[in-house]
Amino acid sequence: TQDSERVETLRQAAKCFEDALRSSNGKNLMAVLGKARASYSLGNYPEALQCYQAVLERAPDLVDPDPRIGIGCCFWQLGHKDDAKGAWQRSLELNPDSKIASILLGLYHLDSSSQYSTTDPQFAPIYKKAMTQYTQKAFKLDDKLPLTCATFGGYFLLRKAWPTVERLARRAIESTDVNAIASDGWYLLARKEHYQNEVSKASDYYLKADQAR
């Protein structure tokens with residue numbers, strides 16, 4: 001299957017990075033980063049975290065690529081969301097134009113806002129911060145980044161800006177190779193059609209969202 005082929009490819013990549021590390025006596029930082037990314041994609045978050053932290057310890061001034069992004073993603077997957085936020089904030093401090101750090105911080109605050117109902121007075125300030133301070137900034141830096149398009153599409157969905165939702169959702173679906181982002185794009189389209197009482201289209205897009213996952 002496609003998933004088993006992907007896993008095998010990632011395992012082979014991890015082995016290549018390990019071979020490169022051995023041949024360099026552990027000095028090749030790009031190989032450490034490659035191993036970290038492969039481990040993360042395989043769901044081995046503790047090992048990925050150790051690799052990213054090792055890179056940061058040896059190259060604290062490195063910002064492109066920034067190991068703090070990976071550290072934050074590992075923390076997030078391990079359930080340490082505030083630690084993830086701290087890593088991404090530090091990344092943004094060092095590189096104010098980081099579109100990745102901006103959108104990840106937007107997602108952190110979006111996740112925080114989801115703990116409240118939309119009628120709760122605590123919801124609006126957190127949601128506004130997620131969208132206008134971070135997601136909008138990431139979108140201005142790169143309006144084709146799939147994760148940003150999928151996230152910002154939700155903002156326009158609430159405002160019933162249907163053409164914008166359609167454009168951003170399609171862009172997210174067509175520009176990504178990450179299943180979860182494609183699923184979010186299809187889900188946006190499903191919600192849009194649902195709001196417009198296009199039940200058949202909505203059902204089709206909901207199914208595609210599930211299949212993409």
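Aromatic ring pairs number 11 in this predicted model. One of them joins Tyr 155 and Phe 156: the ring centres lie 5.3 Å apart and the planes meet at 85°, so the pair is edge-to-face. These two residues belong to an aromatic cluster that also contains Phe 139 and Phe 152. Tyr 155 has a relative accessibility of 17% and therefore counts as buried, since buried means under 20%. The face of Tyr 155 also has a charged neighbour, for Arg 159 lies over this ring at 3.9 Å from its centre.

The nonpolar cores may be considered next. The largest nonpolar core holds 27 residues, and the members touching the most others are Tyr 52, Ile 69, Ile 71 and Trp 88. At least two residues of this core come from each of helix 2 (29-41), helix 3 (45-58), helix 4 (67-77), helix 5 (81-94) and helix 6 (99-113). Leaving aside residues up to four places away in sequence, Tyr 52 touches Leu 33, Ala 36, Arg 37, Pro 67, Gly 70, Ile 71 and Cys 74. There is also a second, separate core of 13 residues, and among them are Leu 157, Trp 162, Ala 190 and Tyr 205.

Finally, a loop residue deserves attention. Thr 176 is located in the loop between helix 9 (162-175) and helix 10 (179-195). Its relative accessible area is 17%, so Thr 176 is buried. Apart from residues up to four places away in sequence, Thr 176 touches Pro 146, Ile 181 and Ala 182.

Technical notes: Residues numbered from 1 in each chain as written. Predicted model: local features only at pLDDT ≥ 70, side-chain atom pairs only at ≥ 80, totals over all residues. Heavy atoms only, no water. Phe/Tyr/Trp six-rings, centres within 6.5 Å; stacked < 30°, edge-to-face > 60°. Buried < 20%, exposed > 50% of the residue type's maximum accessible area, 1.4 Å probe, protein only. Lys NZ or Arg CZ within 6 Å of the ring centre and 35° of its normal. Helix = DSSP H or I, 4+ residues; strand = E, 2+ residues; numbered from the N terminus. Contact = heavy atoms within 4.5 Å. Core = buried A, V, L, I, M, F, W, Y, C linked by side-chain atoms within 4.5 Å.
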